[in-house]
Amino acid sequence: MENTRSKDWYISSFKKIEESLNGESKTPFHELRKNAISKFEEFDFPTIKNEEWKYTNIAPLLKYNFKQVTGVKISKKDIEKFLIPGLKVNLAVIVNGNYVPELSHFYKQPSGVRIESFRNMVLNDPEFLMKYFGKYASIDNGFVALNTAFAFDGTVLYVPDGAIIEDYIHILNVSGAEGENVLSQPRNLVITGSNSKVRIIESYHSMADNENLTNVVNEVIVGENADVEIYKLQNENMKSFHVNRTQAYQNRGSVFTHYSVTFGGSIVRNDTNTLLDAENCTGNLYGLYLTEGSQHVDNHTLIDHAKPHCQSNEMYKGVLNDSSRGVFNGKVFVRVDAQKTNAYQSNKAILLTSDAMIDTKPQLEIYADDVKCSHGAAIGQLDEEAVFYLRSRGIGEELARTVLIRAFANDIFETLTSQILHDHLNHIVYAKLK
Amino acid sequence: MLTVKDLYVRVEDKEILKGINLQVNRGEVHAIMGPNGSGKSTLANVIAGKEGYEITGGEVTLDGKDLLDMLPEERAREGVFLAFQYPVEIPGVSNASFLKTALNEIRKHKGLEELDAMHFLKFMKEKMKMVGIDDNLINRPVNQGFSGGEKKRNEIFQLQMLQPTLAVLDETDSGLDIDALKVVSHGVNLFRNKDNAVVVVTHYQRLLNYIVPDFVHVLVSGRIVKSGGKELALELEDKGYDWVTNTVPAAETV
Ligand SMILES: Nc1ncnc2c1ncn2[C@@H]1O[C@H](COP(=O)(O)OP(=O)(O)OP(=O)(O)O)[C@@H](O)[C@H]1O
Ligand SMILES: [Mg+2]
């Protein structure tokens with residue numbers, strides 16, 4: 001089987017790296033990696049026989065032997081084009097999965113705030129790391145297992161009680177190397193204390209025009225009454241493969257807001273999950289994907305209401321062109337204890353051609369009786385009545401369609417708290433939908 | 001200016017307009033009345049260029065130019081305006097930006113310079129006052145969540161903004177309270193001049209007290225069965241459509 005060949009490749013890659021680790025290979029932290037690689041061996045890569053991967057066939061990415069690449073030199077200038085114009089950010093730059101301190105910079109932070117490379121933590125403060133690492137993103141498939149086994153670098157952010165991080169933290173990921181199929185597996189950890197606040201941009205870009213695989217895992221712990229926002233922007237090249245697992249854990253009264261914006265990639269799979277594990281939490285999951293050519297974008301979300309008096313809002317939108325394909329699977333669990341839950345889900349997509357396709361599956365599992373849950377889905381073409389309305393006022397057909405598609409897409413950004421980010425994303429949408 | 005000659009229109013397999021003749025000259029107001037389903041909106045939509053209608057015969061020209069051969073946007077740029085019976089809601093597109101785009105597309109077509117944001121705003125403020133529409137409606141997405149009356153008022157606001165030469169108002173009076181009716185009629189009357197023309201589709205004589213027509217036509221089962229002056233509307237109100245339908249040969253009233 002093709003899978004098996006692929007599997008062996010990553011296992012032998014792991015062994016090779018392990019041999020070069022010297023002392024580190026004897027550490028308790030490395031035990032976690034070893035445990036993960038055996039889980040990987042057990043799970044293997046998912047196939048479409050797996051219910052969670054039914055509509056996303058990852059076979060194309062198994063054709064390549066992606067490998068870890070270090071030492072690619074890139075300059076400040078190279079990454080400038082990936083920055084958001086006019087936005088003041090604390091910048092963490094990750095190249096091919098490795099944190100690059102020379103390209104990163106941070107403004108003065110409230111005392112106790114830690115922004116460090118994952119690598120640093122592994123070497124210098126593994127006890128701290130191990131308190132959180134792997135405790136939230138469960139290893140339930142080959143990709144999470146693989147990321148965990150290869151957990152060497154990434155970004156760790158610790159925001160203590162009461163700390164407010166004024167400027168965005170932009171974790172800017174660039175991957176690619178001339179003539180290589182690069183494997184990037186950043187592992188990020190965000191730990192926030194009570195009453196803290198932080199906004200993070202997590203963006204992905206490509207340097208070379210090769211097929212690369214980015215396989216990310218983020219664990220986010222949202223403290224009591226904390227407010228954490230994450231904007232994930234997928235803008236890698238059209239050949240790249242991207243798998244992202246984000247797992248948030250919410251404490252009492254916290255707000256977690258996640259935006260997932262997908263523009264690039266050949267096969268993209270996002271799993272964005274939040275567990276509302278105390279009262280009065282709010283979870284917001286928003287997403288937008290604009291696809292073209294033969295792109296395949298799969299968004300899986302899980303909003304897990306475990307405790308009462310919480311609310312969640314979810315809105316995902318897609319615009320699919322050419323023969324691209326989308327998948328939306330939105331799970332909302334309302335556990336027995338989660339009375340007075342208020343959960344709202346909406347999932348809309350516009351198919352611009354008859355070849356474009358989307359599979360959607362809202363999955364509401366409600367075990368509490370005193371709850372308000374609603375979900376709406378609308379998949380279809382542009383509203384032709386609206387097109388005619390615009391045309392009847394002198395607006396040409398093409399422009400009319402573009403205006404309507406942009407309006408449909410930009411709607412997702414209405415709740416963004418940063419005008420600069422709002423305008424930047426609008427601008428990308430504008431340019432993409434020309 | 002507008003000439004409709006022996007127009008036959010089908011939707012799917014159903015013949016809806018069966019030989020319409022209508023001549024509208026500059027400076028005139030024509031009212032079209034008729035029972036539900038008689039084809040009034042169909043006629044209005046065909047003039048504006050809505051898809052889904054099969055023209056099986058006849059012609060529609062504007063100042064001699066073949067309208068039927070033009071795209072809806074081309075007709076609008078040539079001066080055709082349809083105030084919709086059911087204006088569409090357009091989420092995410094603000095009324096103001098929509099009108100700026102529309103106005104500039106029309107200006108471009110006329111060889112005029114595009115209005116910049118400042119001039120546009122000034123022009124818009126003037127018109128807003130004229131039709132009594134407030135900021136809130138202007139900044140909201142087109143028609144989204146507007147009340148029935150607000151939607152109609154918005155149509156007349158657009159009429160004022162775009163200054164067409166031929167305005168076709170499809171039941172703009174329906175759903176309006178008496179005050180709104182006055183405001184809307186006032187907007188239409190301010191629009192009227194010797195160089196443009198108005199076609200109003202209505203069920204109610206009441207509107208015609210405010211927008212006084214030069215001609216009234218009665219459309220029944222896809223045909224104009226009677227035309228006359230403004231008195232005809234009063235007579236219709238008095239006697240009902242039965243009075244005119246009875247004058248149509250029975251076989252064709254189906
Ligand atoms: N798209 C369509 N498909 C099928 N039938 C249609 C369509 N459009 C119009 N019709 C039919 O054509 C006839 C005329 O419709 P139209 O809307 O023009 O009537 P109207 O005179 O405007 O009526 P009202 O006074 O109720 O607005 C009706 O019987 C209607 O059902
Ligand atoms: Mg009608």
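Mentor: B:Ser221 counts as buried, at 16% relative accessibility; buried means under 20% relative accessible area, exposed over 50%, and partly exposed in between, with a 1.4 Å probe and protein chains only. This is a predicted model, in which local features need pLDDT of at least 70, side-chain atom pairs count only at pLDDT 80 or more, and totals for chains, interfaces and linings use all residues. Residues are numbered from 1 along each chain as its sequence is written, chains are lettered from A and ligands numbered from 1 in the order in which they are written, and side-chain values use heavy atoms, leaving out hydrogens and water.

B:Ser221 sits in the loop between strand 9 (215–220) and strand 10 (223–228) of chain B. Helices (H or I, at least four residues) and strands (E, at least two) are DSSP runs, numbered from the N terminus. The phi of B:Ser221 is positive, about 45 degrees, although the residue is not a glycine.

B:Glu171 is another non-glycine residue with a positive phi, of about 50 degrees. It belongs to the loop between strand 7 (166–170) and helix 7 (178–191) of chain B, and B:Glu171 is buried, with a relative accessible area of 10%.

Next, the metal site. B:Ser41 (OG) and B:Gln85 (OE1) coordinate the magnesium ion (ligand 2) at 2.0 to 2.2 Å. Donors are N, O and S atoms within 2.8 Å of the metal (3.2 Å for Na, K and Ca); water is not among the atoms, so sites may look incomplete. B:Ser41 lies in helix 1 (residues 40–48) of chain B and B:Gln85 in the loop between strand 6 (80–83) and helix 3 of chain B, so the pair ties together parts 44 residues apart in sequence. B:Ser41 is partly exposed at 21% relative accessibility, whereas B:Gln85 is buried at 15%.

Last, the helix pair. Helix 3 (residues 95–109) and helix 4 (residues 117–131) of chain B pack at about 105 degrees, their axes 11 Å apart. Axes are lines fitted to C-alpha atoms, for helices over the stretch in contact, and angles run from 0 to 180 degrees between N-to-C directions. Helix 3 and helix 4 of chain B are therefore roughly perpendicular, a label for 65 to 115 degrees; under 35 is roughly parallel, over 145 roughly antiparallel, and the rest oblique. Helix 3 of chain B contributes B:Ala96, B:Leu99, B:Lys100 and B:Leu103 to the contact, and helix 4 of chain B contributes B:Ala117, B:Phe120, B:Phe123 and B:Met124; contact means heavy atoms within 4.5 Å.
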